[in-house]
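Please examine the structure shown below.

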Amino acid sequence: MQEREQMIQAYVEAYNRFDVEGMLVHLDENIQFENISNGEVTLSLIGKEAIRQQAEQSKGYFSERCQTITSFKHENNLCEIEVDYEAVLDIDLPMGLKKGDRIQLDGRSVFQFENNKIIALTDIS
């Protein structure tokens, strides 16, 4: 479990630094990713390359961003973390949010592991 927590910490720290290559280090080539917001799937990706492209694109959305892990919960090959998320927009968004607006959310992420790699990641807010 400690090794899994270290992999997750490394992923989150790379995310906070806008370090896409660092985010990908522990991901399986065929990773499955989903983002769920308000109970609806808003993004679904398959494969490390698809995640790389999305992560590179989304770097331009924020001037700063920070996920802070507040808890870890382990069950079999899953690890769920709770996070506090804060970001400052670097662009205007269609939903009315403007460049410079600060976003604060509580969420959770579920990481699934196999053969010492992250094979699935679900972000839920």
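Cys 66 is partly exposed, with a relative accessible area of 34%; buried denotes under 20% relative accessible area, exposed over 50%, and partly exposed in between (1.4 Å probe, protein chains only). This is a predicted model, in which local features need pLDDT of at least 70 and side-chain atom pairs count only at pLDDT 80 or more, while totals for chains, interfaces and linings use all residues. Residues are numbered from 1 along each chain as its sequence is written, and side-chain values use heavy atoms, with hydrogens and water left out.

Cys 79, by contrast, is buried, at a relative accessible area of 0%. Its sulfur lies 18 Å from the closest cysteine sulfur, that of Cys 66, which is too far for a bond. The structure holds 0 disulfides, a disulfide being a pair of cysteine sulfur atoms within 2.5 Å.

Helix H3 spans residues 48-58, and its buried residues are Lys 48, Ile 51, Ala 55 and Ser 58. Viewed down the axis of H3, these residues fall within an arc of 95°, so they line one face of the helix; the arc is taken over the directions from the helix axis to the C-beta atoms. Helices (H or I, at least four residues) and strands (E, at least two) are DSSP runs, numbered from the N terminus. The buried residues of H3 pack against helix H2 (20-24) and strands S1 (27-37), S2 (40-46) and S3 (62-75), contact meaning heavy atoms within 4.5 Å.
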